[in-house]
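Visitor: I would like to learn how to read the features of a model like this one. Please take me through it step by step.

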Amino acid sequence: MDVIEDEQVLEQPLESYPRLAEVSRLIARYSEPGALVAPAGRVKTIAAGHYTVSGLSHHVRLGDFVAHQSPSGIHLGEVVRVEPDIAFVCPIEPGEPIGIGDMIIRRGAFRLAPTDAWLGRTINSLGDPIDGLGSLDRGDDRRPISNIAPPSMSRQRVQTGFRTGVKAIDIFSPLCLGQRLGIFAGSGVGKSTLLSMLARAEAFDKVVIALVGERGREVREFIEDTLGENMKKSIAVVATSDESPMLRKMAPLSAMTIAEHFRDQGDNVLLIVDSVTRFAHAIREVATAAGEPPIARGYPASVFTELPRLLERAGPGPEGTGTITAIISILVDGDNHNDPIADSTRGILDGHIVMDRSLAEEGRYPPINPLASISRLARKAWTQDEEKLVSRLKSLIHRYEETRDLRLIGGYRAGSDPDLDMAIKQVPVIYETLKQTPSEKPARDAFADLATALRSAAQQNQQGQPMTGRQRQ
């Protein structure tokens, strides 16, 4: 067995050490090319969630990956804290068998090398296939997953709107290619279902989906049933809830890196992350294990550093490239839309869709609140006539909702307020038109569907047909 002192650096290629040949082959897949000399250290202490290494402090940086060989195989870890004499490492895999004195080798930033051959495949955060369809080819474009956003002045401007096929969004909060949109909802309200409907949009060349902390039983349902034929142009990056915080933290970063690869080829890419809240939870677990103190409801400062670094990477690329349209779900704790993660991401994104639990309880799906949802780029997607119409529709909906209690107790008499009379007639029709299930085909023209419904309702009223109970309310 090779013996290397704690502070010693390997002065020969790793292949010169038989015991480390397998380590060399593994880490060469994930680290920067051309590195022939790798610093090595040894495990000093072991704790729940991390271990410390002596001999590497002067050779590693935050975010560097290290490799450890145990009797059960090769294991990766990420450097999360560096002190003068020791480095703190969080293992990628939970329950890694590691002992005091084990050798740890540094090989730099984690990298992915995506290609078109990855389309239609499901992978883990490390870029390894988990769908049982065989191995994946590696491309020539090796990218670090902790990348930076393009310079702001070199990016294209957002110009082109597109249809999502979801009527409530296409009418009240339309999107543009290169936009970053947040979907805010509590647990069990239906945000994953809405994301599955958005994944079917036809405006994109490629779709990259990151399922972060998702239930394991739902992964195949989402991929096989929801995506269906669209999986041919999609890549799914999966880190389920039972996996380590490191893998859950890496999943959105890996998905963003894959999306950047296709964007730079000129493609318009749809990136879906479900959810960024679980990404923040994973960062919190890692940071807490490294000893970082909390600053806001248990979240350490690194969470609020990592969120904008991830989200700013989406959007339009530099001139001559494509776009990354990001749809990010945010799980609001206790339906509090002002919790730290929701509040932070709302300020970064280019709009937000608010899903209301009370609407879901009424049976209105998707339960999107049109008054609370905003697209900051809506004017680039609407025509002038559509913008005027939406403004009028929102005014009617607001008038209808603010007088709901008054009407329920019989305190309103028809004819005393023409605007409210119109709202009572039209808003229930609007709500009914906006209902949509995942099994329905995406709407081709949401405004045309709404106009048809309103016209039909108006004809019925002119013919003297009685109003439904819902309309009376």
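**Reading the fold**

Guide: The protein has 15 helices and 21 strands. Keep in mind that this is a predicted model.

Visitor: What share of the 473 residues is buried?

Guide: Buried residues account for 54% of them. Now look at the contacts between residues at least 6 apart in sequence: 73% of these join residues at least 24 apart.

Visitor: Let us turn to helices. How do I describe two that pack together?

Guide: Two packed helices are described by the angle between their axes and the distance between the axes. Take H5, residues 245-264, and H6, residues 276-289. Their axes are 8 Å apart, and the packing angle is about 135°.

Visitor: Is the crossing of H5 and H6 left-handed or right-handed?

Guide: H5 passes H6 in a left-handed crossing.

Visitor: Which residues of H5 and H6 meet?

Guide: From H5 come Pro245, Met246, Arg248, Lys249, Pro252 and Leu253. They meet Phe279, Ala282, Ile283, Glu285 and Val286 of H6. By type, the contact of H5 with H6 has eight nonpolar residues, three charged and no polar.

Visitor: How do H6 and H7 cross?

Guide: H7 spans residues 301-311. Its axis and that of H6 come within 9 Å and cross at roughly 140°. H6 and H7 are therefore oblique to each other. The crossing of H6 past H7 is right-handed. On the H6 side, the contact is made by Val276, Phe279, Ala280, Ile283, Arg284 and Ala287. H7 brings Ser302, Val303, Glu306, Leu307 and Leu310. The residues of this contact of H6 with H7 divide into eight nonpolar, one polar and two charged.

Visitor: How many residues of helix H3 are buried?

Guide: Six of the eight residues of H3, which runs over 191-198, are buried, so read the helix as mostly covered. The buried ones are Lys191, Leu194, Leu195, Ser196, Met197 and Leu198.

Visitor: What do the buried residues of H3 pack against?

Guide: Both helices and strands. The helices are H2 (167-172) and H4 (216-227). The strands are S12 (180-185), S15 (268-274), S19 (323-331) and S20 (351-354).

Visitor: Next, aromatic pairs. What should I look at?

Guide: A pair of aromatic rings is described by the distance of the centres and the angle of the planes. This structure holds four aromatic pairs. In one of them, the ring centres of Phe65 and Phe110 are 5.1 Å apart and the planes are at 35°, so the pair is tilted.

Visitor: Where in the chain do Phe65 and Phe110 lie?

Guide: Phe65 is in strand S3, residues 65-70. Phe110 is in the loop between S6 (103-108) and S7 (111-112). The pair links distant parts of the chain, 45 residues apart. Both Phe65 and Phe110 are buried.

Guide: Another pair is Tyr299 with Phe304, 6.3 Å centre to centre. The angle between the planes is 75°, and the pair is edge-to-face.

Visitor: Why does Tyr299 count as buried, and why does Phe304 count as partly exposed?

Guide: Buried means under 20% relative accessible area, exposed over 50%, and partly exposed lies in between. Tyr299 has 2% relative accessibility, so it counts as buried. Phe304 has 24%, so Phe304 counts as partly exposed.

Visitor: Finally, the backbone. Which residues are joined by a cis peptide bond with omega of about 0°?

Guide: Asp274 and Ser275. Ser275 lies in the loop between S15 and H6. A cis peptide bond also joins Tyr365 and Pro366, with omega at about -5°. Pro366 sits in the loop between H9 (357-361) and S21 (374-375).

Visitor: Which residue has a positive phi although it is not a glycine?

Guide: Arg297, with phi of about 50°. Arg297 is in the loop between S16 (294-296) and S17 (299-300). With a relative accessible area of 53%, Arg297 is exposed.

Definitions and conventions: Residues are numbered from 1 along each chain as its sequence is written. This is a predicted model: local features need pLDDT of at least 70, side-chain atom pairs count only at pLDDT 80 or more; totals for chains, interfaces and linings use all residues. Side-chain values use heavy atoms; hydrogens and water are left out. Axes are lines fitted to C-alpha atoms, for helices over the stretch in contact, and angles run from 0 to 180 degrees between N-to-C directions. Helices (H or I, at least four residues) and strands (E, at least two) are DSSP runs, numbered from the N terminus. A crossing is left-handed if the near helix is turned anticlockwise from the far one by less than a right angle, and right-handed if clockwise. Contact means heavy atoms within 4.5 Å. Ala, Val, Leu, Ile, Met, Phe, Trp, Tyr, Cys and Pro count as nonpolar, Asp, Glu, Lys and Arg as charged, and the others, Gly among them, as polar. Angles under 35 degrees count as roughly parallel, over 145 as roughly antiparallel, 65 to 115 as roughly perpendicular and the rest as oblique. Rings of Phe, Tyr and Trp (its six-membered ring) pair if their centres lie within 6.5 Å; planes under 30 degrees apart count as stacked, over 60 as edge-to-face and the rest as tilted. Buried means under 20% relative accessible area, exposed over 50%, partly exposed in between (1.4 Å probe, protein chains only).
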